[in-house]
Protein chains: 2
Amino acid sequence: MGDAPPISPLAPKSFPTLPVIGGVSFACVEAGVRYAGRKDVMLARLDPGTAMAGVFTKSATRSAAVLDCQAKIGAGNSDAAAAIIVNSGNANAFTGKNGTQATYAVTKAVARALDLPESRVFSSSTGVIGEPLPHDRITAKLDALARSLSADAIEDAANAIRTTDTFAKGSGTILKISGQEVRIAGIAKGSGMIAPDMATMLVYIFTDARIEQPVLQSMVSALNRKTFNCITVDSDTSTSDTLLVAATGASGVEVTETSILFLEALRNVMLDLAHQVVRDGEGATKFVEVAVTGAASDNEARIHALSIANSPLVKTALAGEDPNWGRIVMAIGKSGARADRDTISIWFGDILVAREGWVDPDYDEDQAAEYMKNQELVISVDLGLGGGTARVWTCDLTHGYISINADYRS
Amino acid sequence: MGDAPPISPLAPKSFPTLPVIGGVSFACVEAGVRYAGRKDVMLARLDPGTAMAGVFTKSATRSAAVLDCQAKIGAGNSDAAAAIIVNSGNANAFTGKNGTQATYAVTKAVARALDLPESRVFSSSTGVIGEPLPHDRITAKLDALARSLSADAIEDAANAIRTTDTFAKGSGTILKISGQEVRIAGIAKGSGMIAPDMATMLVYIFTDARIEQPVLQSMVSALNRKTFNCITVDSDTSTSDTLLVAATGASGVEVTETSILFLEALRNVMLDLAHQVVRDGEGATKFVEVAVTGAASDNEARIHALSIANSPLVKTALAGEDPNWGRIVMAIGKSGARADRDTISIWFGDILVAREGWVDPDYDEDQAAEYMKNQELVISVDLGLGGGTARVWTCDLTHGYISINADYRS
């Protein structure tokens, strides 16, 4: 592996203090799946009655663990206890029938060790693609894991699921609904938006709210579209992306689809974790929001925003602190969504750069170049066509990205 | 501009000797549009009776010159003489109404200088975006240009249209149809598949065949889909892409849609120019063919091939000479076209890497790593689903690309 890369300059100062979630306990172990000298397997146990919701990669080559989770979400016996088991170092993706067998071996062993139905065991694997998962190294540790479960080991869990991440990612909050406390805590891993052989984005969120599974699933799916589905590091999509949300009900507070406070709190945790993944983007030195308004529809706004956020030429200009608005015009033009050259306005931060199809007469490039030196940037585009809006988040494309992905031999 | 970048390691050894095309003459001049000390305007005059066909960028923010060409193709009076005028250094894109006026000023002045209808003057501009085109610098040189037209100045023309290109691009051939010679010669510019502020791909091809305009147009559109539309350097699309093909008829040889020999010769010239654009890809050190077979349709094969060819993770692995087939699996998975993980086969050159959803038991990674050291690479994928095929060409993604686009301040 060589030397560990330095911590991203965009990382938060430290791992946050997360609320303890009733009904959830964690354990981590050094199983030696691939990495030496660090914990690489995380187990979470969830009390009986926990509702589980999930969103997964749409990749046609998704991993055995993803397929297994998809089959179980919404179908299991929610009265039983549940578990999540995650290993880093090996993605168990593109490993043929052996991959399916390895996933089954792990989930079956977890079910036995924790005495719960196999249909309630959700697993993820992240790391190198195409190598057989040494599942016996994981199953050999399950009894030890089961014995060491503890309510306050979530930071340990956030570290155990890291691959190329330069920092552990966590986010949480405590809100009050009708005077009663409800807690949310989540962890994530991800660095290349998707670096498949180092794969990729995994997110686990826990709450002690009591929520019916179909309600939780529809909340999570909707919020995912405005959070994790609005970030991009390099436009590459993983074989392993998994978001699982577990609601244990331990607080006794019932949450329904009309609980705006809860929805907003869950959204904030999801968005914070999504932003942390971008902040750990491979080689990233800038955290960039792209805000599009005035599109023909929300969907077309999103297409424009992602076209800007994924353009190598826009991203290299950001790395070079170059207010190169011509490249933004280019990215709008190529997106395939509707645009009228003569009604486009573009801002860097509060600086109006272009309007009505040309550079603004008051535009001062020196001022824009000064703005581009900030670590956090906002690019705004108004298309002047309709009411469609979207916001996405990305990072710049630097020599660091090339070094991590080209100079390094996996 | 700083120092000129070194010539691409993938460049042909020298500019080819191109056949002289009857009915076409060229002139170039140093107009000082942006660059100092080099010719930056090219004029081509085409005899009366020349059929003109064209294919243009689909960008919604395309330049005034592109819009003007699109309006004229197929609509003009083909009995009159025609002209093509191209400047480098300024793309006249996203320049509002001034841009339209600048294009009109140039094409009108060419029509007057050469005594031909303005509807028969086709123009292109390539270079920086968003700055007003100093069109009077071009129009001031038109009488000098008109006086210096010469049949054998095509290499000069190929040089005058360069922006960040590290070498001039030309290709030509002489074929015999029923014992009579027909000639084809073309020039191109392009380096980033599209570097919009340095823009971008321009191609001009000339033949002395006699072809009806609608026949030529349908030939060019069809061949474009298999040549220029099958290359990608960085997935970014220009505001200025223009392909013009002029058939003067000077050979007296009539060519129809059934002239397989001519179609093949024109295709070879177009493909050669397309490959030269990839070989001059910004920072490129590898020339890569991606060949997909066994897809559900030709269109889905193309989607898979472009997903592989555009993936930053695949392209950085190529730069690192890393036989990272897991990233190819990832790119197939994310493409959106149909794929079955368990029927995919992958080759590097002749080396079978993966089949039936896993690495081939005889795969030798050292042998594959040795193959990846070649300057020209072929990645083949068979999806095992149907009869759809596609071939696309790309280059690797290197520190050189970042340096050209980020370190350099436009």
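This briefing walks through selected strands, helices and loops of chains A and B.

The model is predicted, so to speak of local features a pLDDT of at least 70 is needed and side-chain atom pairs count only at pLDDT 80 or more, while totals for chains, interfaces and linings use all residues. Residues are numbered from 1 along each chain as its sequence is written, and chains are lettered from A, with ligands numbered from 1, in the order in which they are written. Helices (H or I, at least four residues) and strands (E, at least two) are DSSP runs, numbered from the N terminus. A residue is called buried if 20 or more other C-beta atoms lie within 10 Å of its own, exposed if 12 or fewer do, and partly exposed in between, with C-beta atoms placed from the backbone.

**The five-stranded sheet of chain B**

- Let's start with the sheet: 5 strands of chain B form an open sheet with mixed pairing, in the order β3-β10-β8-β7-β6; two strands count as paired if DSSP finds at least two bridges between them.
- Strands β3 and β6 (169-177) of chain B are at the edges with a single partner strand each, so one side of each lacks a neighbour in the sheet.
- On average, neighbouring strands of this sheet are turned by 10 degrees against each other, direction ignored; axes here are lines fitted to C-alpha atoms, for helices over the stretch in contact, and angles run from 0 to 180 degrees between N-to-C directions.
- Strand β10 (residues 242-247) of chain B is mostly covered, with 6 of its 6 residues buried.
- That cover is on both faces of β10(B): T242(B), L244(B) and A246(B) are buried on one side, and L243(B), V245(B) and A247(B) on the other.
- β10(B) pairs with strand β3 (residues 51-56) of chain B in the antiparallel sense over 6 bridges, and A53(B) stands opposite V245(B) there.
- β10(B) also pairs with strand β8 (residues 202-207) of chain B, in the parallel sense over 6 bridges, where L202(B) stands opposite T242(B).
- Strand β7 (residues 180-189) of chain B and β8(B) are antiparallel over 6 bridges, with I187(B) opposite Y204(B).

**Helices lying across that sheet**

- Helix α1 (residues 64-72) of chain B lies across β3 and β10 of chain B and runs at about 135 degrees to β3(B); contact means that the C-beta atoms of two residues, placed from the backbone, lie within 7 Å.
- Helix α7 (residues 260-279) of chain B lies across β6, β7 and β8 of chain B, at about 170 degrees to β6(B).

**Around strand β4 of chain B**

- Strand β4 (residues 82-90) of chain B is mostly covered too, as 9 of its 9 residues are buried.
- Strand β2 (residues 41-46) of chain B pairs with β4(B) in the antiparallel sense over 6 bridges, and R45(B) stands opposite A83(B).
- β4(B) and strand β5 (residues 121-128) of chain B pair in the parallel sense over 8 bridges; N90(B) has V128(B) in β5(B) as its bridge partner.
- Together with helix α2 (residues 96-114) of chain B, β4(B) and β5(B) make a right-handed β-α-β unit, right-handed meaning that, with the strands pointing away from the viewer, the path from the first strand over the helix to the second runs clockwise.

- Helix α6 (residues 213-226) of chain A has 14 residues and reaches 20 Å from its first C-alpha to its last, close to the 20 Å expected at 1.5 Å a residue, the expected span being 1.5 Å times one less than the number of residues.
- Its buried residues are L216(A), M219(A), V220(A), L223(A) and N224(A).
- Seen down the axis of α6(A), these buried residues fall within an arc of 130 degrees, so they line one face of the helix; the arc is that of the directions from the helix axis to the C-beta atoms.
- The face of α6(A) turned away from the buried side carries the exposed residues P214(A) and R225(A).
- The buried residues of α6(A) pack against β3 (51-56), β10 (242-247) and α7 (260-279) of chain A.
- In helix α1 (residues 64-72) of chain A, the buried residues are A64(A), A65(A), V66(A), C69(A) and K72(A), and they pack against β3, α2 (96-114), β5 (121-128) and β10 of chain A.
- After α1(A) comes G74(A), whose phi is positive, near 80 degrees.

**Two loop residues of chain A**

- A140(A) is in the loop between α3 (135-139) and α4 (142-147) of chain A, and counts as partly exposed because it has 14 C-beta neighbours inside 10 Å.
- Y363(A) is in the loop between β14 (358-359) and α11 (365-371) of chain A, and touches L352(A) and V353(A), not counting residues up to four places away in sequence.
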